[in-house]
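Please look over the model before reading on.

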Amino acid sequence: MPHADPHHVVPFASAPARSEADLLADEARYCSFGDTVHYTEPPKIFARCEGSYMYDRAGLPYLDLQMWYSACNFGYANPRLNAALKHQIDTLPQVASQYLHVEKIELAKIIAQDAERKFGLPGRVHFNVGGAQAVEDSLKLVRNFKGGKSLMMAYEGGYHGRTLGASAITSSYRYRRRYGHFGDRAMFLPFPYHFRGPKGMSKEEYGEQLVREFARLFETEYYGVWDPKAGECEYAALYVEPLQGTGGYVLPPKNYFAGIKKVLDEHGMLMVVDEIQMGFYRTGKLWGIEHFGVKPDVIVFGKALTNGLNPLSGLWAREELINPKQFPPGSTHSTFNANPLGTAVGLETMRMLAETDYEAMVSASGAHFLAGLRDLQKRHPEVGDVDGLGLALRAEICEADGFTPSKKLVDRMVDIGLAGDLDHNGRKIGLVLDIGGYYKNVITFAPSLHISGAEIDLAMSLLDQLLTRAKRSL
């Protein structure tokens, strides 16, 4: 049988058009519901995307204010990043991870050198695919460095993924309930959630109180974490989100993490910072933790590094934890880690970030967005709290008292937005929102970092319509 010509190009045949009803019927029959679909009914089918918009199969635009959970920070179908992916497909689209390619080396160098400039700590970068897999790698790194200690601390409201290891340090029991006993479940600390914290304290005072409560755990062996005779803690590390993501974009006081890091350093615990949602200028800096004046031991990243084009995640760790003697070849492995398509796009992302003042751009757009939310709050008492850092913003939707959580109101808002029946200059438009928070009543805003002022104004107009319609329909 003759060999196929490796240069022969087979024309791409597009699938025939099918009705939405037929597609949804097949999805209901053949697709697992377990991979995070069916949070809204029926699930929405989108056909294309560009900039800040998704488009349905009829071509109707939907302004997206969550950008794939902050995976697409630089806008859908970003031409520069798309071009980097296309170029890599035509040069080196595949290579096994036991070999090297230029893009991996250069991307690791840029991230590591940036961290050394900012934190004064030499370190290395380790790649994987997907945020939860990078969290798993960080757990191995920490357990290896701390002599096999398997217990971690994390936060109430924290989210680090849904693999078994990541679920053990994620506070929601519902992610663990059906999968047996988790003997290495983290100890969960209260996060400084000022809006729902004790009354009569400023945000900074509340943060200081929680730092004191954390330090108290180490005062005596009878608080269950510290052996003063051996000078040793039972826990290896504290996992931190600089702003809580799924927990509702909760923003801690500026002084909080510095106090926590001081206690950790005094007792030999590591700080692992999960930047999977907040990294790559979501907050106005490359890493969200930069706002808080601490030096992390490990940073875990993913999502926006490739603008959602190709799964690539990773971690940076200081040299002491990750040097080849401490963490030798084969310490972790994934077939697709450091894949050339992902590293090529990630490298172009880092080059793009170096060429534009994203800090100033995101800070200005974030201030515009936050001002719009505060104006919305004045007109709708159901908007109980607004806050934000850069373009990571929150609006807590409540009953008319401005405090009691109202999941039913925010769910109705989501449904109306996805119905694509809002008005803009006499034309129909939709709105894509994401909901989080301890009571699932918080709209977590993560718009494109390239969002225009006009698009921010449009977002406020659409949110005003949503609130008005949703309140009338309940």
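In what follows, Ala, Val, Leu, Ile, Met, Phe, Trp, Tyr, Cys and Pro count as nonpolar, Asp, Glu, Lys and Arg as charged, and the others, Gly among them, as polar. The model is predicted.

E4 supplies the largest share, five residues.

By class, the lining of the second largest pocket holds 13 nonpolar, nine polar and two charged residues.

## The five-stranded sheet

Five strands form an open sheet in the order E1-E2-E3-E16-E15, and their pairing is mixed. Strands E1 (46-50) and E15 (422-424) are at the edges; each has a single partner strand, so one side of each lacks a neighbour in the sheet. On average, neighbouring strands are turned by 40° against each other, direction ignored.

E15 pairs with strand E16 (residues 427-432) in the antiparallel sense, over three bridges. His424 stands opposite Arg427 of E16.

## Helices on the sheet

Helix H12 (residues 407-418) lies across E1, strand E3 (61-64), E15 and E16. H12 runs at about 135° to E16.

Helix H13 (residues 453-473) also packs on the sheet. H13 touches strand E2 (53-56), E3, E15 and E16. Its direction makes about 145° with that of E15.

Terms used
Residues numbered from 1 in each chain as written. Predicted model: local features only at pLDDT ≥ 70, side-chain atom pairs only at ≥ 80, totals over all residues. Heavy atoms only, no water. Pairing = 2+ DSSP bridges. Helix = DSSP H or I, 4+ residues; strand = E, 2+ residues; numbered from the N terminus. Axes fitted to C-alpha atoms, helices over the stretch in contact; angles between N-to-C directions. Contact = heavy atoms within 4.5 Å.
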